[in-house]
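Here is a note for a colleague who is meeting this structure for the first time.

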Amino acid sequence: MQASPAGADDDGLSGAPSAEDRFDDDDYPAYSMGAAAEMLGVTPTFLRALGAAKLIEPRRSSGGHRRYSRYQLRLAARARELVDQGTPVEAACRIIILEDQLAEALRINAAYERERSAGN
């Protein structure tokens with residue numbers, strides 16, 4: 001589920017694609033913990049809780065700071081919605097993981113059906 005490997009040693013900049021490519025990359029770790037928390041209206045503690053629940057694992061800059069991608073921020077925003085509705089953090093994370101797995105299974109099934117239809 002995680003968009004980025006934990007404990008990456010770089011900040012995603014060395015040998016990386018051009019700045020233009022990074023703007024379009026949902027997995028590029030562009031946001032610091034403070035910026036991510038501010039954008040989502042949550043505390044850094046909430047983001048760390050999502051990491052502990054294995055929903056998101058931010059990459060690390062060369063200085064060891066957490067960096068979040070847009071994809072991870074979308075997952076965190078969904079978690080916040082569920083938590084705001086009264087769902088415990090751990091349960092919210094599990095729900096999101098299951099939603100993601102279902103969406104992937106539906107994409108795979110649709111691709112299979114398109115291939116099957118094209119073959120007939």
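1. Terms and basis. A residue counts as buried under 20% relative accessible area, as exposed over 50%, and as partly exposed in between, with a 1.4 Å probe and protein chains only. This is a predicted model, in which local features need pLDDT of at least 70 and side-chain atom pairs count only at pLDDT 80 or more, while totals for chains, interfaces and linings use all residues. Residues are numbered from 1 along each chain as its sequence is written, and side-chain values use heavy atoms, with hydrogens and water left out.

2. Overall layout. The protein has 5 helices and 3 strands. Helices (H or I, at least four residues) and strands (E, at least two) are DSSP runs, numbered from the N terminus. Their order along the sequence is α-β-α-α-β-β-α-α. Of the 120 residues, 27% are buried. Contact means heavy atoms within 4.5 Å. Among contacts between residues at least 6 apart in sequence, 67% join residues at least 24 apart.

3. Helix α2 (33–40). Its buried residues are M33, A36, A37 and L40. They lie on the same side of α2, because their arc around the axis is only 95 degrees. That arc is taken from the directions from the helix axis to the C-beta atoms. E38 and M39 are exposed, on the face turned away from the buried side. The buried residues of α2 pack against β1 (31–32), α3, β3 and α4. Just after the helix comes G41, with a positive phi of about 70 degrees.

4. Helix α3 (44–52). Here F46, L47 and L50 are buried. Their arc is only 100 degrees around the axis, so they sit on the same side of α3. The face turned away carries T45 and A52, both exposed. The buried residues of α3 pack against α2, β3 (66–68), α4 and α5. K54 follows the helix and has a positive phi, near 65 degrees.

5. How α3 meets α4. The two axes come within 11 Å and cross at roughly 100 degrees. Angles of 65 to 115 degrees count as roughly perpendicular, under 35 as roughly parallel, over 145 as roughly antiparallel and the rest as oblique. So α3 is roughly perpendicular to α4. Axes are lines fitted to C-alpha atoms, for helices over the stretch in contact, and angles run from 0 to 180 degrees between N-to-C directions. On the α3 side, F46, L47 and L50 make the contacts; on the α4 side, A76, A79, R80 and V83.

6. The core. A nonpolar core is a set of buried Ala, Val, Leu, Ile, Met, Phe, Trp, Tyr and Cys residues joined through side-chain atoms within 4.5 Å. The largest one has 21 residues, and L47, L50, L55, I56 and Y68 touch the most other members. At least two residues come from each of α2, α3, α4 (70–84) and α5 (89–119). The largest share, 5 residues, is from α4.

7. Two residues to look at. Leaving aside neighbours within four places in sequence, L47 is in contact with M33, A36, A37, L40, V42, Y68 and A76. Is L50 buried or exposed? L50 counts as buried because its relative accessibility is 0%. Not counting residues up to four places away, L50 touches L55, I56, A76, A79, V89 and C93. L50 and C93 are 43 residues apart in sequence, yet their C-alpha atoms are 7.1 Å apart.
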